[in-house]
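This briefing is for a reader who is new to the structure shown below.

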Amino acid sequence: MRISASLSLVVLACAALVSSATAPAAAKPAPKPSTKPAAKPAPITAATPPMGWNSWNFFAGKVTDKDIRGAADNLVDTGMKDAGYVYVNIDDTWEGDRDADGVLHTNAKFPDMKALADYVHSKGLKIGIYSGPGNKTCGGYAASLGHEEQDAKMYADWGIDYLKYDECSFTGDVLEKQAPDDKAAQMRLMIAAYEKMGKALKSTGRPIVFSLCQYGWDAVWEWAPAIGGNLWRTTGDITPRWDRIYAILSQQDGLAKYAGPGHWNDPDMLEVGNGRLSIQENWSHFAMWAMLAAPLLAGNDLPNMKPEVKAILTNKDVIAIDQDRLGKQGTRAYSDGEVEVWTRHLSGGALAIAVLDAGDSRYSTHPFHLNLTKLGLHGPQTGKDLWTGKPITLTNNQPIELTSHNVLLVRIDAPK
Ligand code: GLA
């Protein structure tokens, strides 16, 4: 056996030699260099975290066509569009009834969705809409169960650029009915429902950002990118209160590895400028969402935006941290009591450092010693304080005094 095997190997090798030796030298002309330029790879949808404005946090169920047109005008007039806020997203409560053919109509608040989309596009902006995989949205309006392809096609025909797809009644309509006591089967149903809409959006041929909103259930970060998700909520709803914002921030631990160009963790929309958040809380909220590479969807009252709120939302240096093309989400490097130190690695070897005072009493204003060694840095570091806009040098064990819920946000272009 062994002899015949090695014999046949020799025969094969000789045949190969003969055939290459006998092949005429000029038989195979060298391939001509192509004159066509190499095809450009398709652009990544949501290559950086989506930025825009969403109607829910300020208008909730009251939003109308007029408010959306107004928001588009305001994004342009306030300079927010130039700062990067391009999506104008209609949240829940635009939906009317389905007709006999299953076509979903808008309700009286939105008389002509195509005309509205055209208006938003005419301002150089993009438009987003909202639905869900159940029968009803969270507000009790018609959602997409059983009409996924039909709805996706209609969105594309209208010119929609973004869909937020909210779980809401899917639990009762599908999970509890089809798999009442089987968590694993429920998870498969959840994934299948989102995958169905992901495919339906894809088959429209229009790039539509797909935003999953199911509050982090079933470890959504593990499967959302594969089914076409560009972002996914990681928690329940945000409210304009510091304790809620801080709780959501704390719940992002461990999720950084799932974020990257085209697919982002979504700690929910911004509350900057809403409720009774102090100026420090607004700074900290915005700074930490930038550290998290979070989608920046403002949710404030744009026509009555205070100058200090506009200054936060349009701070180009902080936005540049959020939008950094490397797409690497920041993490908590360490915490000492009430003070937390977060870092985010940026393109070109730069580093963002956020020192957050999460303490809420006047005692939390005592100086804190920043330990650069724990951040892997050696010697004094020169950078820019992104809220004052001034140069800053950080030294090891330097005392940093922050008021309660305040943040020091520094960019270091050449960390040592
Ligand atoms: C859920 C979502 C919110 C908003 C409302 C609308 O609560 O998490 O962001 O979309 O539904 O009903």
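N274 is found in the loop between β9 (264–266) and α11 (279–291); helices (H or I, at least four residues) and strands (E, at least two) are DSSP runs, numbered from the N terminus. The model is a predicted one, in which local features need pLDDT of at least 70, side-chain atom pairs count only at pLDDT 80 or more, and totals for chains, interfaces and linings use all residues. Residues are numbered from 1 along each chain as its sequence is written, and side-chain values use heavy atoms, with hydrogens and water left out.

**Residue N274**

- N274 has a relative accessible area of 7% and is therefore buried. Buried means under 20% relative accessible area, exposed means over 50%, and partly exposed lies in between (1.4 Å probe, protein chains only).
- The side chain of N274 makes a polar contact with the side chain of E271, at 2.8 Å. A polar contact is a pair of N or O atoms within 3.5 Å; within protein, one must be able to donate a hydrogen and the other to accept it, and residues adjacent in sequence count only if both atoms are side-chain atoms.
- A polar atom of the N274 side chain also lies 3.0 Å from the backbone oxygen of G299.
- Apart from neighbours within four places in sequence, N274 is in contact (heavy atoms within 4.5 Å) with N57, P240, G299, N300 and D301.

**The ligand and its shell**

- Around the ligand there are 13 residues, of which D91, D92, K164, D166 and D237 come nearest. A residue is near a molecule or strand if one of its heavy atoms lies within 4 Å of it.
- The shell around the ligand is made up of 6 nonpolar, 1 polar and 6 charged residues. Ala, Val, Leu, Ile, Met, Phe, Trp, Tyr, Cys and Pro count as nonpolar, Asp, Glu, Lys and Arg as charged, and the others, Gly among them, as polar.
- The side chain of D92 has an N or O atom 2.9 Å from an oxygen atom of the ligand.
- For K164, a polar side-chain atom is 2.8 Å from an oxygen atom of the ligand.
- In D237, an N or O atom of the side chain is 2.6 Å from an oxygen atom of the ligand.
- On its own the ligand has 310 Å² of accessible area, and the protein covers 93% of this. Accessible areas come from the Shrake-Rupley method with a 1.4 Å probe; for residues, only the protein chains shown count as cover.

**Cysteines**

- The whole structure has 1 disulfide, a term for a pair of cysteine sulfur atoms within 2.5 Å.
- This disulfide joins C138 to C168, with an S to S distance of 1.8 Å.
- The torsion about the S-S bond of C138 and C168 is about -90°, so the disulfide is left-handed.
- The pair links distant parts of the chain, 30 residues apart: C138 is in the loop between β5 (126–131) and α6 (148–158), and C168 is in the loop between β6 (162–166) and α7.
- C138 counts as partly exposed because its relative accessibility is 49%, whereas C168 counts as buried because its value is 15%.
- C213 is in no disulfide, and the nearest cysteine sulfur, that of C138, is 6.6 Å away.
- With 1% relative accessibility, C213 counts as buried.

**Helices α7 and α8**

- Helix α7 (residues 170–178) has F170, T171, D173, V174 and L175 buried.
- These buried residues of α7 pack against α8 (183–203).
- M187 is found in helix α8 and is partly exposed, with a relative accessible area of 29%.
- Leaving aside neighbours within four places in sequence, M187 is in contact with D218 and W223.

**Residue L408**

- L408 is found in strand β18 (residues 407–412), and it is buried, with a relative accessible area of 11%.
- Not counting residues up to four places away in sequence, L408 touches I353, A354, V355, D385, I392, L394, I400 and L402.
- L408 and I279 are 129 residues apart in sequence, with their C-alpha atoms 13 Å apart.

**The protein as a whole**

- The protein has 13 helices and 18 strands.
- Of its 416 residues, 50% count as buried.
- The C-alpha trace spans about 90 × 70 × 55 Å along its principal axes.
- The accessible surface comes to about 19,500 Å², and 57% of that belongs to carbon and sulfur atoms.
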